[in-house]
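Let's walk through a protein model together, one piece at a time. Have a look at the structure below before reading on.

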Amino acid sequence: MSGHQYGMEPLVQLPAPGGFVVAVLRDELGLWLGSRRDSAESYGATLIEERRAVATSGPGWTAVGGPLPDRADRAVVRGPGGPVDAETANGAFIAVLAANEAGPAVRFEDDDGLLVRDPPRGESIADATDRCPACTALDWERAVEDCVRCRACGHTFRMPLFYGGQASTHGRWQHVQPDGLRFTRTLADQAADALRKAPGPVYAAPGSKPEIRGFGGSDDAISHVKLATGDIEVDTRFGTHELPEDSARAAVAQLTTDVAWPARSQPAIAIWLDARRREREEASANARPSAVEITVDGRPRIFTMITVGHTWAAACDGILVSGSGDVPPALHAYSGSTS
Ligand SMILES: [Zn+2]
């Protein structure tokens, strides 16, 4: 995001929930995707560069925008709630999805309804089994810069970083994880500091000694601390926070279930992982919220809960609890040392 504002010309814009305006803007550097409160004059904006679509999000919504290719008459963005027709004007498109969506997928159609795309140019990914989220074709290729691309519509996304070498190619199933956060000693010290400096109580589920799974903010202003007891995570957030339902949906969409990866080429695994992520996001976006009572430091409180399969997330006033299996009946403030 950038505060760069002056001389930005909106090409196409839409309102977004919560009093926001989103727009594709142009200035001398190129195209930007921006959002602002409708009372504010300036946009926070991201440079689109060569990408076909860029996303920006607010509480409970995601805007997806970019340049409209030559010959394209229509842009359709795949969202967790289904396909959304984008607004188009002045060589740009923008759509607002009523959910969080990390990887925008868009297809372009000409005025006959035919897909607008470039000809194939990479090696075919023959062992992919999941269809393109933008156009439903099953015709993927390896593109430049560690990307995979749909030959039918041009939808492109970057593969995650893999470690552990090449995935098994001889029929066995194995776990290969994307490179993730690994706590170093320094990070563990910072985490313990965050717990001490938190401006209010930090909650945890009862049971064994909790472990710090995440924290944010600066030394002077800790914004959240996430503690895990077994597979129950409690994220305590300070300051302004999202609506409980939005927090619960976003959290449950990110909960991964422990499924072994299939033995396929890395590009095919990238496609498979992206499809599973979309399934979780769609299930989360379409799940009905329910209410659950959890006692917090002795006081019963009503949490808004979103459930997808065995996983769930529940939020109330800056406390976000998530896990699988049983919901803990109580949370307590935790101040002790952590592992
Ligand atoms: Zn496609």
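**Two helices side by side**

Helices α2 and α3 are roughly antiparallel to each other, a label used for angles over 145 degrees. Their axes come within 8 Å and cross at roughly 155°; axes are lines fitted to C-alpha atoms, for helices over the stretch in contact, and angles run from 0 to 180 degrees between N-to-C directions. You can find α2 at residues 244–254 and α3 at residues 266–286. R249, V252 and A253 of α2 make the contact with R280, E281, S284 and A285 of α3, where contact means C-beta atoms, placed from the backbone, within 7 Å.

This is a predicted model, in which local features need pLDDT of at least 70, side-chain atom pairs count only at pLDDT 80 or more, and totals for chains, interfaces and linings use all residues. Residues are numbered from 1 along each chain as its sequence is written.

Now step back to the whole protein, which has three helices and 23 strands. Helices here are DSSP runs of H or I with at least four residues, and strands are runs of E with at least two, numbered from the N terminus.

Four of the strands form an open sheet in the order β5-β6-β10-β9, with antiparallel pairing; strands pair if DSSP finds at least two bridges between them. β5 (54–58) and β9 (87–89) stand at the edges with a single partner strand each, so one side of each has no neighbour in the sheet.

Definitions and conventions. Angles under 35 degrees count as roughly parallel, over 145 as roughly antiparallel, 65 to 115 as roughly perpendicular and the rest as oblique. Two residues are in contact if their C-beta atoms, placed from the backbone, lie within 7 Å.
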